Structures are given as structure tokens and as C-alpha cells.
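Here are some notes for a first look at this structure. Please read them with the model open.

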Number of protein chains: 2
Amino acid sequence: MILRVGDEYAEPCSFGLLQVIAFMVVSGDWNKIHYDKTEAVASPIGFIAVPGMLAAGLKFSCILGTKFPGHGTVYRSQSLKFRKAVLPKKRYLALVKVEDIDKESRLITLSTSIVSLDREEIYITGKAGVINFKVELA
Amino acid sequence: MILRVGDEYAEPCSFGLLQVIAFMVVSGDWNKIHYDKTEAVASPIGFIAVPGMLAAGLKFSCILGTKFPGHGTVYRSQSLKFRKAVLPKKRYLALVKVEDIDKESRLITLSTSIVSLDREEIYITGKAGVINFKVELA
């Protein structure tokens, strides 16, 4: 694979309740709005939502590290904006797009987002910076 | 608790191999540099490192959501810079400090970092934005 500015990777994704609970066990983040309906309804979100760090952080970490650009990736930075709450079980699209390539440092800048399957609604946006020492850069 | 600009929360933390493997199972991020010594040595890091999203993402999600400001937190944004590799089992300090409070929107901006126990070395930096609808704001 030769990586070019404009290249895009899209992957449907959803986050089940079991994954939410596994995330809470690993992170220790037992924020009640992610599993307690009474707390969730009383919060500004108003319903049970998937933890943002599970929806975005883990998904992008997985895509960047194992799929696109994949093998050889070292994470340098990630910014995330949680714009709309992500619901358990609903299907979304994880989108990663190459925005810039610095051939000398091998730093690749990518936009990272979680959107609806038809790409009309935007749930999470952000940017990632990775160094990849295996992939060929255009 | 009344939350004020300048308030700080510090918590020693370390990331064991079991937690790294649990992170990989939950995220699907089987990036070899986090468990394969040959791959890790051949990478720019040069040794096995804890996934950045585990070290920072999950730690801050946990602190913000359950400890500081804690109960009532809704995550709005997080930026992360992975400056130095975090080693498995070594002890670090997770630092969260209130940088700004907007009383009207209840948006709290916090600096988030992973540093050495003596605070001399900086491993991960970033900023978080959270809304908290329970805590009293100064």
C-alpha cells in the first residue's frame, strides 16, 4: 500500500453493552450515565450513552494501529470532540482520512470521525498524528 | 466540593500487562509494538510500550467521570499528545488541573497529563473539556 493525502478508510461500527462494561472494568470509569438509566435521564444527555473514549479513543486506536495505516504505527497525538451522544447497539461509521504527510519525519496527520452510516450526522470529530515506519508514503 | 480554577487532582498510576491485554481485547487494537518484543525493538520506540490510549484516554476518562470532578461529568472533548513512551508496570502520576470554568455553560476545561512521580518528566499532555451538572462551581 502507498499512502496518499486524501486516502480514506471507513468501517461500520457499533458498541454493545458488553463492550461498555468491559471498558468500565479496564478503565475503572464507572460513570453512572453509561449504565444507570435514572442517572442518564437526569443528565444533560438524557439517555444512556456509550463512553466517548470507548466510541472514539479505542476505535481510532484500533484502526490506526492495525488497519489504516496499520502495521508500524506509533501514536503521537489524538484530539477528540464529543459532539453528539453515541448510543449502544446503533450502527455508525468510523472514518479516517489522510490530511497531511510529512515524508521526512514520517508523520501522518489524519482526520478521525464517527458519523452516521449515511455520513449525514456527525457524532465525534478529531485529528490524529501517527508515525508509521513500515508503510510507503506518496 | 466547590470546584475552582487551579484545583488539582493527582493520582499515582501504573499499567500492567494484564490491563494492556484487556485493552487490546476491548479495543481490537492488536498493534504488535505493545506485546511483541521483536516488533517493539524494531520500532522507533525501541521497547514494549503501553498503548497511549490506555495510558491516557482510559485514565483521564476514569478520573474525570468518577473522581475529579466526578459524579455528573459529561465528556465534551479531549486532546492528547504522546510525548514519551509509557512503560508497563512503572509508576507514574496522573495529573488533572482546572484551567477554566464557564459558569453559564458549566463547561470546565482541565489540563490532563501523565508525568513521573517527581513531576520532572512529562510523558503525555493534553486538555479535557467536561460539563458537570452536579458539582458546585466557584
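1. A definition comes first. A helix axis here is a line fitted to C-alpha atoms over the stretch in contact, and angles run from 0 to 180 degrees between N-to-C directions. Keep in mind that this is a predicted model.

2. The axes of α1(A) (residues 17-27 of chain A) and α1(B) (residues 17-27 of chain B) come within 10 Å. They cross at roughly 160°. Angles over 145 degrees count as roughly antiparallel, and α1(A) and α1(B) are therefore roughly antiparallel to each other. The crossing of α1(A) past α1(B) is left-handed. From α1(A), the contact uses Gln19(A), Ala22(A), Phe23(A) and Val26(A). From α1(B), it uses Gln19(B), Ala22(B), Phe23(B) and Val26(B). By class, that contact has 6 nonpolar, 2 polar and no charged residues.

3. Now the whole interface. Here 34 residues of chain A are in contact with 34 residues of chain B. On chain A, the elements that give two or more residues are α1 (17-27), α3 (52-66) and β3 (73-82). β3(A) gives the most, with 10 residues. By class, the chain A side has 17 nonpolar, 14 polar and 3 charged residues.

4. β3(A) and β3(B) (residues 73-82 of chain B) run antiparallel and are joined by 5 bridges. Leu80(A) has Gln78(B) as its bridge partner.

5. Which strands make up the open sheet, and in what order? It has 10 strands, ordered β2(A)-β4(A)-β5(A)-β6(A)-β3(A)-β3(B)-β6(B)-β5(B)-β4(B)-β2(B), with antiparallel pairing. β2 (8-13) of chain A and β2 (8-13) of chain B stand at the edges. Each has a single partner strand, so one side of each is left without a neighbour in the sheet. Direction ignored, neighbouring strands are turned by 20° against each other on average.

6. Within chain A, 10 bridges join β4(A) (residues 92-102) to β5(A) (residues 107-116), and these strands run antiparallel. Asp100(A) has Thr109(A) as its bridge partner in β5(A).

7. Helices also lie on the sheet. α3(A) lies across β2, β3, β4, β5 and β6 of chain A together with β3 of chain B. It runs at about 150° to β3(A). α3(B) packs on the sheet too, touching β3 of chain A among others.

8. Last, the symmetry. A rotation of 180° with 0.0 Å of shift along its axis superposes chain A on chain B, with RMSD 0.0 Å. The two copies are thus related as by a two-fold rotation axis. Of the residues of chain A, Ser79(A) comes closest to that axis, at 2.0 Å (C-alpha). The same surface serves both copies: 100% of the contact residues of chain A recur in chain B.

How values were computed: Residues numbered from 1 in each chain as written. Chains lettered and ligands numbered in written order. Predicted model: local features only at pLDDT ≥ 70, side-chain atom pairs only at ≥ 80, totals over all residues. Contact = placed C-beta atoms within 7 Å. Helix = DSSP H or I, 4+ residues; strand = E, 2+ residues; numbered from the N terminus. Nonpolar A, V, L, I, M, F, W, Y, C, P; charged D, E, K, R; others polar. Pairing = 2+ DSSP bridges. Parallel < 35°, antiparallel > 145°, perpendicular 65-115°, else oblique. Left-handed = near helix turned anticlockwise from the far one by under 90°. Least-squares fit on C-alpha atoms with pLDDT ≥ 70 in both.
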